[in-house]
Amino acid sequence: MASEAPTLTIDRDNVSLGEAVFRALCRALENGVYRSGDRLREDEVAQKLDVSRTPVREAFGKLTAKGWVQPAGGRGLVVRSLDQSEILELYAMREILEGAAARLAAQYAAPAEIAALRDIHESFAAGVAGAAELARLNRLLHGAIQRAARNRYLDAALEDMHVAIALLGTTTFAAEGRPATAAAEHGELIDAIAARDPDRAETIARSHIREALRTRLGMKLKG
């Protein structure tokens, strides 16, 4: 279930109110404020964001069109979970997109961006954080690579991907051994980006996502 008091924030700048509510709900899904099986109700969301129900209804329509929520019995929506075939399809596309982001980052990342990647990696690799914090750092690192890629169309595709990944529930960093292997993979990826080696960066990024899928499937079998 969602936390007892889900926290939603809204940024009303430069977009319609309906779009602002949609983005707020996407962030909430990505950050685990709402999880698979949780209910979303127009009146509750409107109250939390201090808006009318009309923009919430618009945002709900967009979430439904994306396939992230579905109508629930009675009023409101329920956050979906993904089945096995959807997980495989999601990771197949994630491999392509993350590989492209790494390739472009190797071409366009500024020195300051590479330094920021190393800082995030250092925190991740320290080995003292729990699974939830590792997941947060992982999102920061991949988001930084995404921004360094300098491609607005890739941005849009990856933003959707991040929300869909959140529907999978428990992070793969809860699996034994995965934090250490992921840290090693991140380090190799950052080195390839710093070396301006697009081919190697893409290869490492794609392998990294395949390992994440292997871990995810292993978790499902054990669950």
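Among the contacts in the protein chain between residues at least 6 apart in sequence, 73% join residues that are at least 24 apart. This is a predicted model, and its protein chain contains nine helices and three strands, which follow one another along the sequence in the pattern α-β-α-α-β-β-α-α-α-α-α-α.

Turning to the overall dimensions, the C-alpha trace of the protein chain spans about 55 × 45 × 30 Å along its principal axes. A compact globule with 223 residues would have a radius of gyration near 17 Å, and the protein chain, with 18 Å, agrees with that expectation. Of the 223 residues in the protein chain, 45% are buried.

One pair of helices can now be followed in detail. Two packed helices are described by the angle between their axes and by the distance between those axes. Helix 5, residues 111–125, packs with helix 6, residues 131–148, at an angle of about 165°, and their axes lie 10 Å apart. Because an angle over 145 degrees counts as roughly antiparallel, helix 5 is roughly antiparallel to helix 6. The crossing of helix 5 and helix 6 is left-handed.

Which residues of helix 5 and helix 6 meet? From helix 5 come Glu 113, Leu 117, Ile 120, His 121, Ser 123 and Phe 124, and these meet Leu 134, Leu 137, Asn 138, Leu 140, Leu 141, Ala 144, Ile 145, Arg 147 and Ala 148 in helix 6.

Methods. Residues numbered from 1 in each chain as written. Predicted model: local features only at pLDDT ≥ 70, side-chain atom pairs only at ≥ 80, totals over all residues. Heavy atoms only, no water. Axes fitted to C-alpha atoms, helices over the stretch in contact; angles between N-to-C directions. Helix = DSSP H or I, 4+ residues; strand = E, 2+ residues; numbered from the N terminus. Parallel < 35°, antiparallel > 145°, perpendicular 65-115°, else oblique. Left-handed = near helix turned anticlockwise from the far one by under 90°. Contact = heavy atoms within 4.5 Å. Rg over C-alpha atoms; globule rule 2.2 N^0.38 Å. Buried < 20%, exposed > 50% of the residue type's maximum accessible area, 1.4 Å probe, protein only.
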